[in-house]
Amino acid sequence: MRGEHLLKISVSGIRGVVGEFLTPALACAFGQAFGTYVGPGRVVIGRDTRSSGEMLQHAVTCGLLASGCEVIDVGVLPTPTIQVYVASGGARGGLAVTASHNPPEYNALKLFNARGLFLNSYERSELIDLYHQSEFRHATNDEIGQVRSDYRTPVKLHIQRVLEHVDAARIRSRRFRVALDAVNGAASVMACEFLREALGCELVAIHVDPARPFPRIAEPRPETLTELAALVRSAGCDVGFAQDPDADRLAVADETGRVLDNDDVLALVVEGVLERRRGDVVVNLTTSSAIDVIARRYGSRVWRTPVGEAHVVEQMLATGAVIGGEGSNGGVIFPAVHACRDSFTAMAFILDRMAATGEPVSSLAARLPRLWRRFGKVAFEHGRLGAMMQALEESFPGAQTDRSDGLKVIFDGAWVHVRASNTEPLVRLAAEADSPERLEELYGKVSRLLERA
Amino acid sequence: MAARSLRISHVGLRGVVGGGLTANHVIDFACAFGTLLEPRQAVVIGRDPRASGVMLREGVIAGLLATGHDVVDLGIVSTPVIQHTIRRHGAGGGVSIGASHNSAEWNALKFFGPGGIYLSTAEAGELLDIYHLRKFDLVAHDQVGKLRTETDAIGHYVSELAGHFDFERLRRFRIVVDCSNGTSSLILRELESRYQLQAIRINDRLEGIRFAHEPSTSREIVALQLAPLVKPLGADAGFLFDVDSDRVALATEEGEPVSEEMVLPLLADHLLPKGPGKLVITNISSTALLEEVAARHGGKVIRVPVGRQAAIDALTSYRPEQIAIVGEGTGAVMMPEFRFVYDGIAAMLAVLTMMAERGQRLSEILADYPRYSMLKAQLPLVSARMPELLMELQRDYSDGVVTRIDGLRIDWPGRWFHVRVSQTEPVIRIICEQRGDPPQELFEDLLERVRRLA
């Protein structure tokens, strides 16, 4: 196998298979580039539970110290928790050593600025130029900073922030029975504390041992959560939650054990937020039109961005949106807590709605706009992408299109979105329609078209 | 970049942090060492208090974990403690992070094999080859090592010292110790609290940036702060350690600073009559008093090129029981009962034991040796001229006995000189020694010739 997909250094940062590809030398150099970029000062670093995380954290810390930064080690923590802590002040930036939902052999660095936000596209390209130029700051003995640890403050801060936006007393009074699958990830300890102690739930938890490997495919989707679904049923839970290894994403199972579409989870949260505060909504191009239907009810405007958390957050900050996210990825972004995907905020909002309405999750979900969705991927050869997109556009003459990330063709009551993956030579295909028949017809037509083009 | 701010050699990696030695060197060297060691064996690490040590530690940990080794981090400890812990754990090896007697802006990595022993020249050469090739055995994600910290390594080390030295007897001495802001202060505190050793410590705060003085064990440094305190405090002796406590220097109860050259002859005199070993291994730059001391006990001096590596290689050429002591003229000595580890603390305790056994004061013991006078100088190096220079000198002084294992040494009865190129600085080192008064005439003649030829 050729190595090109096993290591990727790009404007998205650095990601790869640990061992021959993502090496400590690379991580150290990237840490030194980051430290040079943010300047001498405090930098926060934490990680998820991957077996390579400790090694990479030390390599990055070495580079940060060499550039003259002081390092605050927050240990194993969810990505949103690290971001909240960075934003709480005093730090020049932060890093999370995590490959998020990717398989365990991968690892990566997520990069945050002083506000605890993902570096924006301009900052990222400056950083990557600095990395490639190898123009690092080299601190001398009297400029080298210390490493301090702070494992507890980020947890307290994040939980406290989330609780400010829900009626925690009401949630506690309901004593919900909650199933949790934390994939032995970064939230393993904190999610138990959050649900059990902060929200007074009766918790039935599986895969909450941070020392053990991921027990399932790390991405929380209906297909990967059969164990959680079974647990909800067998333990008679009101709801089931599943996180990914760095706990930015959340999947939800209703009281019957049915795992909701990730788009429906976002829709439930958006509905709950708009009910209480009016404002704009930002989602990516692949997110369900259910969001538009809900937003219209509250007179809110919906902005669409290219796929990727950084794009959504950038647009949310620019428009002052109150809620946003990435539907298919299970990411809820609520800037009043912090402008990042956050499974803890999402859990709190779902429980808050259950407590407020007294309704089970299944009936809350049943009232969402009814749409059918299908996702897939098609491999392509380099050089073929343009022709594929052109053929697609030409086959729907007169339809409304959006070219900001691949091609989205929009009809009344249906759409299809085709975009090239950032990491592999394949196109991702997403389609949605207001009936299953229409969906199958649209999806079938487009996938045949792509395979032929 | 300043000239000679980075040195990668058989001794390991050494450089000025930020000026020559970078994070990248550290990571690559640690990966190379992890590749050299037997797979999956634990590695013990520790550091001296230099501020940059934290950066080097992070890089060393990352490189070792990435090559599949578990890492045991001892924090700030002396090099002999690291070597002791490697053996105690049966670990695969160890890394000492610290630049010993160099000034604060320097740092270095020193590598140890199983049993805490120094790498042989062959092993060190292999390490360098792996480093230069940068073909490291980086393991898959689920084989990556784990880190743990250990805080009681000094305690275990001190327990071992207690097995060799009679603290009941040594605690009646009152000593003054200059810790040079280094790791010896931690060990001394443990010796004081557990065995009531009476030590008055100066410069005992661990310091990362500004050392109280250059951390060298030379007579000049002993004279600076330590020696003047010994007599007013009514102490029996003064001891000074370098930052990582593998070297020691002395001052007498009279407050007289003792030449660093004297540590080895003193302990050779103490150890030769005790064991079966009759060999003293040292380099060709240390005092000729050693031959006299060895002869008193029927011993023999083996002289090797200057530098730690030559002494380590020589060690393996003899059976351990043949050797009485190994050392340099810098105050670095290894004793058989400490498995030939350079250990300043053990050397100090051996000197105190000698005083106790003989019932003599330190100045009295020293007065028993004939006087030797040494003169040292250094001149700027012109590498290209060195071979001719040495050849010319050999021709000019053709009436002496020639040794060419490291530069040029010429011996006459009761008198010798040695001219060599330093391994750490771009200078020519010139040493002359004579039994009795200083060999002033020879020294000046020699300097004149070297100046002219270089």
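**Exercise 1. Domains of chain A**

Task: State which domains the assignment gives for chain A, and describe how domain 2 of chain A meets domain 3 of chain A.

Solution. 
Step 1. In this predicted model, chain A is assigned domain 1 (3–151), domain 2 (157–366) and domain 3 (372–452).
Step 2. The C-alpha centres of domain 2 of chain A and domain 3 of chain A are separated by 28 Å. Twelve residues from domain 2 of chain A and eleven residues from domain 3 of chain A take part in the contact.
Step 3. Together, domain 2 of chain A and domain 3 of chain A bury about 940 Å², with 48% of that area on carbon and sulfur atoms. On the side of domain 2 of chain A, 53% of the area buried against domain 3 of chain A comes from Leu285(A), Thr286(A) and Val307(A), more than from any other three residues.
Step 4. Between domain 2 of chain A and domain 3 of chain A there are three salt bridges. The side chains of Arg373(A) and Asp263(A) form a salt bridge, at 3.6 Å from N to O.
Step 5. Nine residue pairs are in polar contact across the interface of domain 2 of chain A and domain 3 of chain A, both residues being at pLDDT 80 or more. The side of domain 2 of chain A that touches domain 3 of chain A consists of three nonpolar, five polar and four charged residues.

**Exercise 2. Domains of chain B**

Task: Describe the interface of domain 2 of chain B and domain 3 of chain B by its area and its polar links.

Solution. 
Step 1. The division of chain B is into domain 1 (6–151), domain 2 (156–367) and domain 3 (372–453). Between the C-alpha centres of domain 2 of chain B and domain 3 of chain B the distance is 28 Å.
Step 2. The contact joins 14 residues of domain 2 of chain B to 13 residues of domain 3 of chain B. About 1100 Å² is buried between domain 2 of chain B and domain 3 of chain B, 52% of it on carbon and sulfur atoms. Ile284(B), Ser285(B) and Val306(B) account for 44% of the area that domain 2 of chain B buries against domain 3 of chain B, more than any other three residues.
Step 3. Three salt bridges are found across the interface of domain 2 of chain B and domain 3 of chain B. Lys376(B) and Glu261(B) are joined through their side chains in a salt bridge, with N and O 3.7 Å apart.
Step 4. Eight residue pairs, both at pLDDT 80 or more, are in polar contact between domain 2 of chain B and domain 3 of chain B. On the side of domain 2 of chain B that touches domain 3 of chain B, helix H10 (289–296) and strand E13 (300–304) of chain B each contribute at least two residues. That side has six nonpolar, four polar and four charged residues.

**Exercise 3. Two residues of chain B**

Task: Determine whether His418(B) is buried or exposed, and whether Ala251(B) is buried or exposed.

Solution. 
Step 1. His418(B) belongs to strand E19 (residues 415–421) of chain B. Its relative accessible area is 0%, so His418(B) is buried.
Step 2. The side chain of His418(B) comes to 2.7 Å from the backbone oxygen of Asp406(B). Apart from neighbours within four places in sequence, the contacts of His418(B) include Ile284(B), Ser285(B) and Val306(B).
Step 3. Ala251(B) lies in strand E11 (residues 248–251) of chain B. Because its relative accessibility is 0%, Ala251(B) counts as buried.
Step 4. Not counting residues up to four places away in sequence, Ala251(B) touches residues including Val222(B), Leu226(B), Val258(B) and Leu362(B). From Ala251(B) to Pro228(B) the separation is 23 residues in sequence and 9.1 Å in space, C-alpha to C-alpha.

**Exercise 4. Chain A against chain B**

Task: Characterise the interface of chain A and chain B.

Solution. 
Step 1. Chain A gives 27 residues to the contact and chain B gives 33 residues. The two chains bury about 2300 Å² between them, 68% of it on carbon and sulfur atoms. Ser51(A), His58(A) and Asn141(A) provide 27% of the area that chain A buries against chain B, more than any other three residues.
Step 2. The number of salt bridges between chain A and chain B is zero, whereas eight residue pairs, both at pLDDT 80 or more, are in polar contact across the interface.
Step 3. Helix H1 (24–38) and helix H2 (53–66) of chain A are the elements that give two or more residues to the side of chain A that touches chain B. H2(A) gives the most, with eight residues.
Step 4. By class, the side of chain A that touches chain B comprises 13 nonpolar, ten polar and four charged residues.

Technical notes
Residues are numbered from 1 along each chain as its sequence is written. Chains are lettered from A and ligands numbered from 1 in the order in which they are written. This is a predicted model: local features need pLDDT of at least 70, side-chain atom pairs count only at pLDDT 80 or more; totals for chains, interfaces and linings use all residues. Side-chain values use heavy atoms; hydrogens and water are left out. Domain bounds come from an automatic or database domain assignment. Contact means heavy atoms within 4.5 Å. Buried area is the accessible area (1.4 Å probe) that two parts lose on being put together, summed over both. A salt bridge is a side-chain nitrogen of Lys or Arg within 4 Å of a carboxyl oxygen of Asp or Glu. A polar contact is a pair of N or O atoms within 3.5 Å; within protein, one must be able to donate a hydrogen and the other to accept it, and residues adjacent in sequence count only if both atoms are side-chain atoms. Helices (H or I, at least four residues) and strands (E, at least two) are DSSP runs, numbered from the N terminus. Ala, Val, Leu, Ile, Met, Phe, Trp, Tyr, Cys and Pro count as nonpolar, Asp, Glu, Lys and Arg as charged, and the others, Gly among them, as polar. Buried means under 20% relative accessible area, exposed over 50%, partly exposed in between (1.4 Å probe, protein chains only).
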